[in-house]
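Open the model in your viewer and keep the selection panel at hand. The stops below say what to select next and what is there.

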Amino acid sequence: MRFTGHLDLHRAWERTFRRARLPLAYTQGYHPQPRIQLAGALPLGFTSAAELADIWLEQDLAAEAALDALRGAAPPGLSLLGASVIDDRWPPLQVLLRSATYTVTLAGPAPDLAERVSALLAQTTLPRTRRDKAYDLRPLIESLEPASAPQVLTMQLAARDAATGRPEEVVDSLGLESAGARYHRTGLLLDSPTARLAAVTAPAGTDDRAEAQVDDPGPDV
Amino acid sequence: MTPEYLSTALERILPTVGKPGRYTGGELNSITKDWAGADLKVCLAFPDTYEIGTPNLGLAILYDLINKRPDLLAERAYVPWSDMETAMRAAGLPLFALESKRPVRDFDLVGLSIPYEQLYSNAVNFIDLAGLPLRAAERDPRTMPLFIVGGHSAYNPEPMADFIDAFVIGEGEDVIFGILKVLSAWKASNAPKQDLLRSLAGIWGVYVPALYRPEYNDDGTVAAVVPLDPAAPAKVLKRIVPVLPPPPTRLIVPYIATIHNRYPVEIMRGCTRGCRFCHAGMVTRPVRERRVETILNALEEGLKNTGFEEIALLSLSSSDYGDVVDLVRKVGERFAGKHLSVSLPSLRIESASVELMEALKDNKRGGFTFAPEAATERMREIINKPVSTEQLLETVRSVFERGWTHVKLYFMIGHPAETLEDVQAIADVCKRVRDEGRKYVGNKVSVTAGVSTFVPKPHTPFQWVSCDSIEQIRAKQALLKRELRGPGLKLNWNGPEETQLEAWFSRGDRRLGAVLEAAHRRGVRFDAWQEHFNYTAWLESFAECGLDPRFYTHRERLIDETFPWEHIDIAVKKSYLAEDYRWSLRGQTRIDCRQRCFACGILPKFTSLRMETPANAWECPEVRPKHMRRVAAEPVAAD
């Protein structure tokens with residue numbers, strides 16, 4: 001599951017709803033698409049314990065009933081943690097998403113991990129290039145610390161549109177091997193939806209938007 | 001090598017290769033059984049990438065059937081793409097099965113599906129990647145898996161004969177259990193390998209090449225394929241299932257996109273049309289249909305289990321399915337309006353087809369595909385696909401009239417006795433179709449001509465004919481490229497070199513095994529992929545083995561030539577094929593054999609089977625006990 005790309009993950013969700021016989025809403029137009037919006041793309045190879053999605057259905061359903069149906073229909077590697085029916089006027093998760101937290105298990109021992117972390121956090125800028133684009137990683141790191149287990153790091157990184165920190169870039173900046181590490185997303189942090197609500201003037205719709213929380217641990221390969 | 005070791009090694013490798021989702025397994029509806037609990041372990045394999053192999057329906061059927069048995073286990077393997085192959089070889093990892101992550105060489109049997117010849121080099125590489133000796137004679141089935149090949153290429157097994165222990169000629173649903181029973185009994189005994197081979201050869205539909213020796217004439221043609229053992233039948237009759245078993249409904253749902261992301265149901269097997277170029281149409285006889293209710297129930301169940309957003313109703317000729325109108329109406333009623341697309345391929349060129357599609361589609365997205373195969377009346381009579389240009393134009397008119405804007409037309413060049421005028425006619429017909437479309441949808445019209453090159457296939461009326469030379473193909477393609485230009489026209493074609501590969505092997509003999517091995521040593525693989533196809537390496541391999549590739553392609557066979565596949569019996573008589581070939585030279589056509597039996601040979605070969613099956617289970621006429629039979633009519637031509 002963890003090697004399922006963002007688009008394929010959408011498909012996996014769509015099929016889960018179809019198997020669950022839940023009336024997924026589709027977009028209008030020439031190429032109708034299921035109205036499923038994941039809060040933030042999970043990079044290929046990452047596992048996660050905390051994915052969020054906005055999903056529109058064609059009719060009102062109790063969250064618990066929908067959740068039960070989805071649990072029975074989910075493929076291996078996708079577990080549903082919770083669902084709630086939300087006000088359609090809320091801004092989408094993609095807009096609310098502020099930060100993401102990760103646990104990174106390094107490929108090999110790093111005895112001086114604490115020193116490396118302190119040295120990195122002492123920097124005021126961390127100029128880097130990713131996909132031929134220069135950017136500063138430092139402001140995207142909201143927190144970074146060694147976990148109690150050896151070789152494990154926890155971090156909180158910005159996850160806004162056009163300002164998303166990638167944990168492998170952090171590992172790389174620590175002078176450690178980023179390729180062999182395991183990345184696990186532990187949480188998505190949102191701006192308070194009600195704070196933004198005032199600023200959003202969405203028409204009152206009849207659609208229900210369910211919010212699903214998903215655990216995506218991925219199978220052991 | 002333990003699954004744990006492989007999993008740990010994969011953990012390091014997968015993040016470094018493209019599309020790692022190809023190699024992880026664990027998909028919905030995949031089945032991982034307790035290894036120790038299975039008496040025999042079967043690895044079902046397709047010698048191309050995961051995306052190509054996973055939708056293969058033949059393997060999906062066997063996966064379902066074998067795993068339903070508590071004493072057996074079936075897993076899957078595909079060949080890794082070149083980046084993964086490099087990484088696996090560097091890490092010393094053998095080819096493994098996706099479910100248990102056990103090496104392929106730990107299985108008791110490997111069943112390779114090889115539908116077409118471009119996969120031969122991958123099949124050889126598959127054995128190599130498994131860490132096993134390439135040649136069957138050097139493998140010990142006590143400690144290594146037995147390799148079985150099935151699929152349409154197996155009707156001429158000779159080019160792969162050196163590498164494979166046994167071929168399944170025909171349909172696999174029943175025969176697989178016969179093979180496994182024999183293997184199980186042999187494993188419980190202390191008998192030598194030869195005993196296993198002899199027992200396998202005794203199963204209806206199983207060909208064991210080690211028990212035969214091809215002998216050649218001075219001119220290189222086959223003199224005979226001689227059975228070397230009393231257990232080896234002189235002719236191996238293809239296996240068929242008298243009635244199609246229920247379709248599998250719990251198909252694997254891949255996490256990554258594959259070439260077909262859909263739930264398929266085979267509505268009918270076989271074809272009664274008798275197009276003379278068509279291999280499938282000759283080898284899959286008799287025609288057997290599934291009942292409408294069976295199909296609808298399978299769709300219901302299959303969609304519930306998979307959640308696919310597309311269904312496909314598969315057959316060689318959908319329009320010929322007896323209850324096609326009823327089927328389409330009911331599929332539309334039950335499944336329409338659920339954002340589900342329905343594909344109904346291989347429709348006849350007639351307005352009725354357009355009405356059928358209209359009932360299935362909730363929008364006019366995508367296009368409409370027809371396969372006239374040839375563009376002049378003369379050519380269509382030669383290939384026995386007599387559809388007039390008028391009828392084609394009338395059909396596309398009803399397509400455009402209903403708002404579709406895209407029509408795709410399949411043609412072939414290189415048919416027997418084809419001239420440049422026949423090729424020119426392809427371009428003319430495409431333009432007329434476009435002009436017709438303009439009248440209804442204006443400049444939105446688009447016509448795609450998919451023009452492939454004909455390759456004569458064994459067991460068809462055209463098995464005697466010579467292929468076009470590369471120069472002839474180039475000239476014909478140049479004409480098409482020149483003519484099929486301009487707004488609303490698009491041309492697709494294949495490189496003539498790729499066609500050569502298919503042509504060498506489709507009518508090849510056992511000597512090509514050495515060529516395959518030589519090409520494998522030169523690194524040849526993924527011949528069906530343009531970026532990998534290495535024509536030069538193939539020519540060098542032929543030269544190394546002292547064989548002339550043109551012998552297999554550019555040579556008209558004498559009508560009484562003994563073919564390398566002479567000992568494979570598809571139940572259609574060679575004399576029937578020869579007669580049909582002669583008819584083609586005269587431009588004489590045959591009507592759909594549902595309307596009258598042309599005595600191709602199926603009924604005399606399967607008389608008792610036919611008598612045991614219900615009248616409506618086959619499209620062939622009923623066989624009555626001898627004293628009740630009427631005198632059989634002589635075959636007659638179509639009006």
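Which residues does Ile426(B) touch, not counting residues up to four places away in sequence? Select Ala375(B), Phe411(B), Ala449(B), Val451(B) and Leu480(B): these are its contacts, a contact being two residues whose C-beta atoms, placed from the backbone, lie within 7 Å.

Before going on, note that this is a predicted model, in which local features need pLDDT of at least 70, side-chain atom pairs count only at pLDDT 80 or more, and totals for chains, interfaces and linings use all residues. Residues are numbered from 1 along each chain as its sequence is written, while chains are lettered from A and ligands numbered from 1 in the order in which they are written.

**The cores**

Together with Ile426(B), they have the most contacts inside the largest nonpolar core, which has 188 residues. A nonpolar core is a set of buried Ala, Val, Leu, Ile, Met, Phe, Trp, Tyr and Cys residues joined through C-beta atoms within 7 Å. Buried means that 20 or more other C-beta atoms lie within 10 Å of the residue's own; exposed means 12 or fewer, and partly exposed is in between, with C-beta atoms placed from the backbone. A second, separate core has 45 residues, including Ala20(A), Leu144(A), Val171(A) and Leu174(A).

Select residues 535-544 of chain B, helix α18. Helices (H or I, at least four residues) and strands (E, at least two) are DSSP runs, numbered from the N terminus. Trp538(B), Ser541(B) and Phe542(B) are buried here. They lie on the same side of α18(B), because they cover an arc of only 100 degrees around the axis, taken from the directions from the helix axis to the C-beta atoms. The buried residues of α18(B) pack against α16 (496-506), α17 (512-521) and α19 (549-553) of chain B. Just after α18(B), look at Gly546(B), whose phi is positive, about 70 degrees.

Move to α16(B), where nine of the 11 residues are buried. Among them are Trp504(B) and Phe505(B). Their cover includes α5 (120-129), β17 (446-453) and α15 (470-483) of chain B.

**Asp174(B)**

Asp174(B) is in helix α6 (residues 172-188) of chain B. It is partly exposed, with 17 other C-beta atoms within 10 Å. Leaving aside neighbours within four places in sequence, Asp174(B) contacts Arg239(B) and Val241(B).

**Between the chains**

Last, show both chains: 23 residues of chain B are in contact with 22 residues of chain A. On the chain B side, α1(B) supplies the largest share, four residues.
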